[in-house]
Amino acid sequence: MLSSRIFIWQRFTRLTPDEVQDVIPLYHPIWADADPDDIAYANQHAAHGNFRNWARLTAHTHTALERTGRTHVDQEVLRWAFSRLGSGN
């Protein structure tokens, strides 16, 4: 039934590491000034080039920054955010 209602199927692929470095700093202000090594770390350990994962990670990272009063993403903040993602990631 669903198939009959879809006019055009779209296939989405994971972002490559280079695409992540280009796109993610533009995606949300918390990533704009982030160290590229931290973005790569987040991609490798949690987001895996998947934009939906990046959205979830961004929300948790934003919460971590607010709770700690920090202004920049670092690996300690990222590890806290990873712990909130659960084992399904």
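This is a predicted model: local features need pLDDT of at least 70, side-chain atom pairs count only at pLDDT 80 or more; totals for chains, interfaces and linings use all residues.
1. The crossing of α5 past α6 is right-handed.

2. On the α5 side, the contact is formed by Arg56, Leu57, His60, Thr61, Thr63, Ala64, Leu65 and Arg67. Helix α6 contributes Val77, Leu78, Trp80, Ala81, Phe82, Arg84 and Leu85.

3. Three aromatic pairs are found in the whole structure. In one of them, the ring centres of Tyr27 and Phe51 lie 4.8 Å apart with the planes at 75°, so the arrangement is edge-to-face. Tyr27 belongs to helix α2 (residues 17-27) and Phe51 to helix α5 (residues 51-68); the two are 24 residues apart, and the pair thus links distant parts of the chain. Tyr27 is partly exposed, at 32% relative accessibility, and Phe51 is likewise partly exposed, at 37%.

4. Trp31 and Trp54 form another edge-to-face pair, with 5.1 Å from centre to centre and 90° between the planes. This pair also joins distant parts of the chain, as Trp31 lies in helix α3 (residues 29-32) and Trp54 in helix α5, 23 residues apart. Trp31 is buried, with a relative accessible area of 0%; Trp54 is buried as well, also at 0%.

Methods: Residues are numbered from 1 along each chain as its sequence is written. Side-chain values use heavy atoms; hydrogens and water are left out. Rings of Phe, Tyr and Trp (its six-membered ring) pair if their centres lie within 6.5 Å; planes under 30 degrees apart count as stacked, over 60 as edge-to-face and the rest as tilted. Helices (H or I, at least four residues) and strands (E, at least two) are DSSP runs, numbered from the N terminus. Buried means under 20% relative accessible area, exposed over 50%, partly exposed in between (1.4 Å probe, protein chains only). A crossing is left-handed if the near helix is turned anticlockwise from the far one by less than a right angle, and right-handed if clockwise. Contact means heavy atoms within 4.5 Å.
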